[in-house]
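This briefing is organised by topic and is meant to be read beside the sequence and the structure.

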Amino acid sequence: MELVGPILEVIKCFGGPTCTYLDNHRKLEENMSDLRRRVDGLCIRKQDLKLRKDAELRRGKVVRKEVERWFEDVERIIFDMHTIEQKLCDVSYFSRARLGKLVCRKIEEVKEIHHQGSFLDGVAIDAPPTGGVILQTTDLEGEINVKEQILEYLMGDEVAMIGVCGMGGIGKTTIMKHINNQLLKEARFDKVIWVTVSKELNVVKLQEDIASACDMKDCLPKNELKRATKLMDILKTERYVLILDDVWKRFSLSQVGIPEPTHDGRKLVITSRSIDVCLSMGCKVFKVQHLSKKESMNLFLKHVGHAVLQHPTLKEIVKLIVDQCGGLPLAIVTIAGSMKGVDDVHEWRNALNELCERVKSVRGLDAETFECLMFSYDHLGDSKIQKCFLYCSLYPEDCTIARSMLIENWIDEGLIDECGCRQAMHDRGHSILNKLEKNCLLEKGDNGVGVKMHDVLRDMALSLKNAYPRFMVKAGMELKELPRKHEWTEDLEKVSLMDNSISEIPLGISPKCYSLSTLLLQENHEMQRISESFFEHMHGLKVLNLSSTDIRYLPNSISYLENLEALVLRFCFKLRHVPSLGKLTALRKLDLYHTGIEEVPHGMEMLVNLTYLALHSNNLKELPIGILPKLSHLQYLLTTSYVRGEEATKLTKLEIFSGSFTEPQDFQNYAESMAGPRPTNYLLLVGSHGLKFYEFYRHQNVFLFWLQFEQLEIHKKVYFFNCRIRGDQDPVLLPNDLEALHVEECHDLLSLSNTFLFHDQANNLKHCYIWQCRGIQCLLDLSFSSCNLLQRIETLHLKRLQNLRQLVRVGVAAESTSQAPMLPSVFSSLKYFYLDSCSSMKKLFSFESVQSLQNLEELKVVFCKEMEEIIASEEEEGEWMDPNTTTFILPKLRKLHLEYLPELKSICGSGVAIRVDSLEYRISDCLKLKPASCRAFISGEEVFI
């Protein structure tokens, strides 16, 4: 009778498409391989889209509904894939065709979902209309009256346009930030829109910023006239206050698309240094006055500390210094920052003398402001720190600069002294940034991330570099072409054209800038071509940054920039070829991260002074033999190309190393040299045997592996992927300071105990991931070795280990030695444990082993089709137990997920229980687990039993 069903199924098929039936039957394994490959490709696209989605979320955007639905579809496909994999393990001969049909249908579904994941219009849209954005503010001192008057007019119906004017640094922006937040709190308007205009008025950007605040940026047409009309239509439907900060010149509201303000629903506020600008636009003007002497003193003491008044001599000096600031908040805060922590009377007196001399020698309010700020600049006392400050002016106005990126740029410029190692230089860079922030010459960036420069301080910095040696800064100004020929003067030292829309550097342009040392062209995303002649007269160039441009080839004239010390080309995805670098022997940094180069630049072996090398391209398979040993000064090496272990051992100065080895023996050769202090930061990948190179690096987990290296600061991780590591061979030696071990698709692996070894028994391994290794039957085999590799493990993730039957095997060898670890101590540090698709596991923890899990916080067990019991009871292990006693276990557990465990009958064995109080748990698709039988009340407390 058992055969009747399958036979009938076969008979049915003869009346239909027999060939299709036979194909599904015969090609099941082939189609499964195709499905796995396509699902892996889908997961890669998912990870790529997740990165794009996260980036958009950080910008305050909202993910499109269709994108969220697509992610749900991918999760469903992954779940279906788990189910099909399990069916494949148990499929009978007569069921193969039916399963094959399901696999073919799923392949078509995956194709369709993969196609839908293109999202050419982006993954996110501007956030839905909210009232506005709460802005970071500092405490007001003395401007409260002005703030209250402006608020009163905005709430009333007498005035539609308000102009807040006053000199730079007087507090206009601070006042309006407080008003912005107050308006949002009181919710009298539909929207409060804040836009920073800045010195170079860009109508298109202004339109986009206003439309973004209304969640309508995508609705703006490209045509300039139509854009203004559309924006006006959008704004007319709202009751709003529009705040335009830092306006420098009069402009037409209608040209931008701003409706004429009204008394009862549409209000406009502008801040400007010029009262004429405010009056010319028809504003009711509020002039921000200088602080009174009392207010000035309060603000100064707030930043320098009240302790200075405890010294009787200092009290009068402090008063005179505050007077010299002229009631200007920015000057007061900046000078207070430079004097904070100074308690020597002589230094205070000297500061007063310097400040008096500066202010006496100038005329005019702006000049007085600059001279007060110059005092803080001079008070830095170190010319290199001053140059670090001036360098910040090369970035666009109001730009938030990432600290780590800024420090790297300072290192490229030679502004941070060689300290022997990169870590010391970065520490020095953070120290400089902290000093500049403490002296109020830099401030924290938006949302507390990075740093930024007040526009008055940036103006001061640029005024200092307006004479030889000179800066030319046109960053973030939406330029479509290079500055004109007459602007490229011989006295230029640094040129910043970053973050523009320059598409090419055409033929015939060859600036005679013999003293130019730095040229910053990054973030010109449309730049595709640079003419051969452009660099002909720039032989003094030391830093060239072309990152995030669309260039495919570099001009050969770069080969003759013999003074070049830093060539930065990261994220030039289309770059295919770099000309010979053999003559650039002064080069210390070569950054080719995420480029498309197809071969190592010719002459690279001559770059003996390189300390930083990033080579990341899917088109590069391996580094030519003999290059690495010649780059013996390397401190930073990131490459996706294969390196040879014996060559890597010659790089004794490496501090940061991300690279890959083809075989475990190659890795072993290098690991044996890692017993010393370096490298301190590494991501090493071992394997890819039998895979094509491109497929290897397109694998989703390997892709994420490289991506992590750029996102995190400290790594000590080794990743074994698809390589032959056998227990009957010599164990693989691991670095003793290794923190994360990832092993995937290493099917000869039997257990960690007979495969891996540390220099010393004590190790620092905290995270372990074992995925898709068919051979492993137990994680630790203490019968083979008494050494516990996982003594400090905090995260353990086991996935798709179809033959794994137990976590720890204890045998004769372990029992016969006094050195064997007690079983309860094996996982004593474990916090996060995930078991996924391990189809042979029946019991997860023994009663004895669970006693060690005192620190476990999260436990997730999913898709384990044979799992019957999470924690075995004492009596099952032959231990006597008191039937009236309950042992509470897992005291720190806060998350418990048990899903798709069809054979699960109990969570805890008799005599043990897990407290439910404060536990976040999810139990689903565990068909044999009865809710009533796994939960109880003991002494009035709900528990899992």
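The side chain of Thr795 makes a polar contact with the side chain of His767, at 3.1 Å. A polar contact is a pair of N or O atoms within 3.5 Å; within protein, one must be able to donate a hydrogen and the other to accept it, and residues adjacent in sequence count only if both atoms are side-chain atoms. The model is predicted: local features need pLDDT of at least 70, side-chain atom pairs count only at pLDDT 80 or more, and totals for chains, interfaces and linings use all residues. Residues are numbered from 1 along each chain as its sequence is written, and side-chain values use heavy atoms, with hydrogens and water left out.

**Thr795 in its strand**
- Thr795 is placed in strand β28 (residues 795-799); strands (E, at least two residues) and helices (H or I, at least four) are DSSP runs, numbered from the N terminus.
- Thr795 is buried, with a relative accessible area of 9%, where buried means under 20%, exposed over 50% and partly exposed in between (1.4 Å probe, protein chains only).
- Leaving aside neighbours within four places in sequence, Thr795 is in contact with Lys766, His767, Cys768, Tyr769, Leu830, Tyr832 and Tyr834; contact means heavy atoms within 4.5 Å.

**Helix α8**
- Val203, Leu206, Gln207, Ile210 and Ala211 are the buried residues named in helix α8 (residues 203-213).
- These residues lie on the same side of α8, because they cover an arc of only 130 degrees around the axis; the arc is that of the directions from the helix axis to the C-beta atoms.
- The cover over the buried residues of α8 includes β4 (191-196), α9 (224-236), β5 (240-245) and α10 (253-256).
- At the start of α8, a side-chain oxygen of Asn202 comes to within 3.2 Å of the backbone nitrogen of Val204.

**Helix pairs**
- The axes of helix α12 (residues 293-304) and helix α13 (residues 312-324) come within 10 Å and cross at roughly 110 degrees, which means that α12 is roughly perpendicular to α13.
- Axes are lines fitted to C-alpha atoms, for helices over the stretch in contact, and angles run from 0 to 180 degrees between N-to-C directions.
- Angles under 35 degrees count as roughly parallel, over 145 as roughly antiparallel, 65 to 115 as roughly perpendicular and the rest as oblique.
- Lys293, Ser296, Met297 and Phe300 in α12 meet Val318, Lys319, Ile321, Val322 and Asp323 in α13.
- By class, the contact of α12 with α13 has five nonpolar, one polar and three charged residues; Ala, Val, Leu, Ile, Met, Phe, Trp, Tyr, Cys and Pro count as nonpolar, Asp, Glu, Lys and Arg as charged, and the others, Gly among them, as polar.
- For helix α17 (residues 383-391) and α19, the axes come within 11 Å and cross at roughly 75 degrees, so α17 is roughly perpendicular to α19.
- Ile385, Cys388 and Phe389 of α17 make this contact with Arg428, Ile432, Lys435 and Leu436 of α19, and the residues divide into five nonpolar, no polar and two charged.

- Glu437 lies in helix α19 (residues 422-438) and is buried, with a relative accessible area of 17%.
- Apart from neighbours within four places in sequence, Glu437 is in contact with Arg403, Leu442, Lys444 and Val451.
- Gly450 is in the loop between β8 (443-444) and β9 (451-452) and is buried, with a relative accessible area of 14%.
- Not counting residues up to four places away in sequence, Gly450 touches Thr400, Ile401, Ala402, Arg403, Glu443, Lys444 and Gly445.
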